[in-house]
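Open your viewer and get ready to select residues by number. Each stop says what to pick and what is there.

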Amino acid sequence: MNNFIQNLPKAELHLHIEGTLEPELMFKLAHKNDVILPYKTIQEVRDAYNFSSLQSFLDLYYAGASVLIEESDFFELTWAYLQKCKEQTILHVEIFFDPQTHTKRGIAFETVLKGIVKALQKGKKELGISSFLIMCFLRHLSEEEAFKTLQESLAFKHHIIGVGLDSSEVGHPPSKFERVFKMARQEGYKVVAHAGEEGDNSYIWEAIKLLHVNRIDHGIRCDEDATLVDFLVQKQIPLTVCPLSNVKLKAVLNMPKHNILSLLKQGVLVTVNSDDPAYFGGYLNENYAALKEHLNASKKELTTLAKNSFQASFLSENEKQHYLSLF
Ligand code: HPA
Ligand code: ZN
């Protein structure tokens with residue numbers, strides 16, 4: 001079965017590049033860039049990966065991101081992830097990056113973007129992995145800040161397929177970003193938003209009705225509202241679900257209680273993703289394996305989930321058909 005998962009062609013649609021920062025690289029870059037971390041050893045960092053909530057994770061995630069300074073750091077981070085993709089038969093990726101996390105620390109938008117893009121280009125050329133980049137706004141910051149970041153991104157529009165919304169969900173509903181998402185759509189960006197991870201289903205409704213998202217990131221709390229589930233099925237709005245993340249951040253009590261297969265059976269276009277694999281104890285294949293181990297997912301269900309990952313992507317219809325023909 002593990003071989004089956006290993007060989008399954010997969011796309012990853014919910015992956016924060018800053019969340020692929022393994023402690024080894026975190027320490028290496030901290031040393032190079034003279035950044036003082038609140039941890040003395042790699043083991044201390046790993047021990048801290050015991051989160052009680054989304055916020056407790058975000059505190060560590062932003063502390064870790066502070067070691068990323070130079071363009072080459074963003075390149076190295078992204079390149080390491082792409083090599084992981086190669087190992088795991090991930091053929092296509094749509095990667096989130098959080099420019100505000102870095103520009104707030106005085107790092108230029110261009111430095112961040114160029115490092116990531118150079119790695120993605122090398123990944124295409126040398127590893128055959130296709131990729132898109134999605135720029136996230138931090139929802140705990142103001143809409144004004146998001147507007148500034150959107151403006152800044154326009155010079156690099158050809159490298160960015162869409163915008164998203166991440167960070168601390170509760171208290172920062174999608175409605176706060178209605179105007180900036182409208183402008184992003186007018187600029188031709190695809191739009192996605194984290195919703196229904198810790199926030200209730202009203203966040204998912206808002207993301208759909210006010211932000212007009214193409215996909216919902218997480219969305220697992222949709223099952224609190226049968227009308228919403230029907231709507232997601234009818235419109236085939238994809239959910240990018242991250243099983244290990246949901247358990248780690250206590251959005252779900254434990255893996256046997258995860259609703260991803262139940263949503264799949266109801267006809268929701270669900271996909272499997274790793275979110276922040278360095279922090280949550282597993283890359284994409286480990287997420288698929290958890291569904292097999294704890295939810296008894298069949299080969300047929302795992303195959304449908306993998307096909308969904310291409311179906312829900314921002315690839316063209318032709319490209320989707322190419323990947324789907326591999327099954
Ligand atoms: N949720 C919200 N914001 C994030 C996450 C997440 O899972 N990962 C990185 N930023
Ligand atoms: Zn996420």
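A crossing of two helices is left-handed if the near helix is turned anticlockwise from the far one by less than a right angle, and right-handed if clockwise. Helices (H or I, at least four residues) and strands (E, at least two) are DSSP runs, numbered from the N terminus.

This is a predicted model: local features need pLDDT of at least 70, side-chain atom pairs count only at pLDDT 80 or more, and totals for chains, interfaces and linings use all residues. Residues are numbered from 1 along each chain as its sequence is written, chains are lettered from A and ligands numbered from 1 in the order in which they are written, and side-chain values use heavy atoms, with hydrogens and water left out.

**Stop 1: two helices**

Select residues 143-153, helix 8, and residues 178-186, helix 9. Their crossing is right-handed. The helices pack at an angle of about 15°, with axes 9 Å apart. Axes are lines fitted to C-alpha atoms, for helices over the stretch in contact, and angles run from 0 to 180 degrees between N-to-C directions. Helix 8 and helix 9 are therefore roughly parallel (angles under 35 degrees; over 145 is roughly antiparallel, 65 to 115 roughly perpendicular, the rest oblique).

Now show the side chains. Helix 8 brings Glu143, Glu144, Ala146, Phe147, Leu150 and Gln151 to the contact. Helix 9 brings Glu178, Arg179, Val180, Met183 and Ala184. Contact means heavy atoms within 4.5 Å.

**Stop 2: Glu197**

Select Glu197, in the loop between strand 5 (190-195) and helix 10 (201-209). An unreviewed UniProt entry annotates Glu197 as "active site". Such positions are given in the numbering used here, feature names are shortened, and annotations may be inferred rather than shown by experiment.

Is Glu197 buried or exposed? Glu197 is buried, because its relative accessibility is 5%. Buried means under 20% relative accessible area, exposed over 50%, partly exposed in between (1.4 Å probe, protein chains only). Beyond four places in sequence, Glu197 touches several residues, including Glu169, His218, Arg221 and Asp275.

**Stop 3: Thr271**

Go to Thr271 in strand 8 (residues 270-272). Its relative accessibility is 0%, so Thr271 is buried. Leaving aside neighbours within four places in sequence, its contacts include Leu13, Val241, Ile260 and Asn308.

**Stop 4: Ser313**

Finish at Ser313, in the loop between helix 16 (299-311) and helix 17 (317-324). Ser313 is buried at 4%. Which residues does Ser313 touch, not counting those up to four places away in sequence? They are Leu13, His92, Glu94, Arg215 and Lys320. Ser313 and His92 are 221 residues apart in sequence, but 8.7 Å apart in space, C-alpha to C-alpha.
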